[in-house]
Amino acid sequence: MAQRRLATEYVNATLQMTEFQMNQFLRSADTSFISHRVKVLGAGEQEIVLGAAGGEEVHLSFARNGGLYVCVLSCRVVNPHLNNIIRKLFITYKGTGTVNRIYKGLIMMYYYEQGSVRQISEVTADGNKLVYQYKYSVAEMLRLYQSDFIEREIEGLRREVNVLLDVRNMTHRESELREIDSTLEALAVRLFQLEV
């Protein structure tokens with residue numbers, strides 16, 4: 001049986017938008033359930049206050065950073081209409097942070113990165129349970145597969161080993177030999193790790 005959500009918390013969530021996007025958002029923010037007002041603060045900062053018919057308000061403070069408006073959002077929202085507009089804002093403008101959906105007896109913690117869910121955990125009195133964790137997409141897997149970073153690192157380590165072996169063959173001092181052997185040992189361990 002589905003449970004009714006009691007509230008939604010945004011914890012140190014951030015989102016950013018251009019001035020055009022902010023104006024677009026403000027045009028769509030007023031509905032029959034939600035109203036907004038804008039306060040212009042110093043240094044080009046703005047505070048948008050979204051209000052629900054029941055009196056609940058959310059204050060969104062946007063700081064200007066170059067050509068972008070950046071908002072750090074920490075709030076608790078109960079009104080479902082207000083929650084819906086904040087959720088759309090967060091996803092549309094690729095928010096990053098934790099969103100807690102609070103139900104009676106449990107909290108569903110969603111971690112977002114650039115507007116996409118990366119992890120979902122269920123938190124109850126009995127503890128935490130991982131429900132979902134993002135896995136690489138096919139495109140990301142292909143990019144990783146085609147990457148030759150490891151091969152370049154192995155090649156560089158092999159060159160370094162060859163140089164150290166040449167230096168070792170020409171060195172007769174015991175202290176230098178110990179230092180070279182120690183470095184060669186560390187390089188061998190790293191090569192083994194990369195080639196496995």
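A: A salt bridge is counted where a side-chain nitrogen of Lys or Arg lies within 4 Å of a carboxyl oxygen of Asp or Glu. The model is a predicted one, and every value below is computed from it. With that cut-off in hand, consider glutamate 153 and arginine 190, whose side chains meet in a salt bridge with an N to O distance of 3.0 Å. This pair links distant parts of the chain, since glutamate 153 sits in helix 4 (residues 149-170) while arginine 190 sits in helix 5 (residues 174-195), 37 residues apart. Glutamate 153 counts as partly exposed because its relative accessibility is 22%, and arginine 190, at 32%, counts as partly exposed as well. As a general point, side chains of opposite charge can pair when their charged atoms come close.

Another salt bridge joins lysine 39 to glutamate 47, with the closest N and O atoms 3.5 Å apart. Lysine 39 is partly exposed, its relative accessible area being 35%, whereas glutamate 47 is buried, with a relative accessible area of 15%.

From the charged pairs we can turn to the nonpolar side chains. In soluble globular proteins, nonpolar side chains tend to be buried together. The largest nonpolar core in this model has 33 residues, of which Tyr10, Phe25, Leu50, Leu60, Phe62 and Leu73 touch the most other members. Among the elements that give two or more residues to this core are strand 1 (7-18), helix 1 (19-29), strand 3 (46-52), strand 4 and strand 5 (68-77). Leucine 73, when its neighbours within four places in sequence are left aside, is in contact with Tyr10, Val11, Asn12, Ala13, Val58, Leu60 and Ile86. A second, separate core of nine residues includes Ile180, Leu184, Leu191 and Leu194.

One of the contacts of leucine 73 is asparagine 12, which is found in strand 1. Asparagine 12 has a positive phi of about 45° although it is not a glycine, and it is exposed, with a relative accessible area of 56%. Glutamine 114 also has a positive phi, of about 55°, without being a glycine, and glutamine 114 is found in the loop between strand 7 and strand 8.

Strand 8 (residues 116-124) is the place of isoleucine 120, which counts as buried at 12% relative accessibility. Apart from its neighbours within four places in sequence, isoleucine 120 is in contact with Met108, Met109, Tyr110, Lys129, Leu130, Val131 and Tyr132.

Nonpolar side chains are also found at the surface, where Tyr136, Met141 and Leu144 form a patch with about 320 Å² of accessible area together. Leucine 144 lies in helix 3 (residues 138-146), and its relative accessible area of 41% makes it partly exposed.

Finally, the cysteines can be checked for a bond of another kind, and the count comes to zero disulfides. The sulfur of cysteine 71 is 8.5 Å from the closest cysteine sulfur, which belongs to cysteine 75, and this is too far for a bond. Cysteine 71 counts as buried at 0% relative accessibility, and cysteine 75 counts as buried at 16%.

Terms used
Residues are numbered from 1 along each chain as its sequence is written. This is a predicted model: local features need pLDDT of at least 70, side-chain atom pairs count only at pLDDT 80 or more; totals for chains, interfaces and linings use all residues. Side-chain values use heavy atoms; hydrogens and water are left out. Buried means under 20% relative accessible area, exposed over 50%, partly exposed in between (1.4 Å probe, protein chains only). Helices (H or I, at least four residues) and strands (E, at least two) are DSSP runs, numbered from the N terminus. Contact means heavy atoms within 4.5 Å. A nonpolar core is a set of buried Ala, Val, Leu, Ile, Met, Phe, Trp, Tyr and Cys residues joined through side-chain atoms within 4.5 Å. A disulfide is a pair of cysteine sulfur atoms within 2.5 Å. Patches are made of residues with over 30% relative accessible area and no salt bridge: like charges are joined within 9 Å, nonpolar side chains (Val, Leu, Ile, Met, Phe, Trp, Tyr) within 5 Å. Accessible areas come from the Shrake-Rupley method with a 1.4 Å probe; for residues, only the protein chains shown count as cover.
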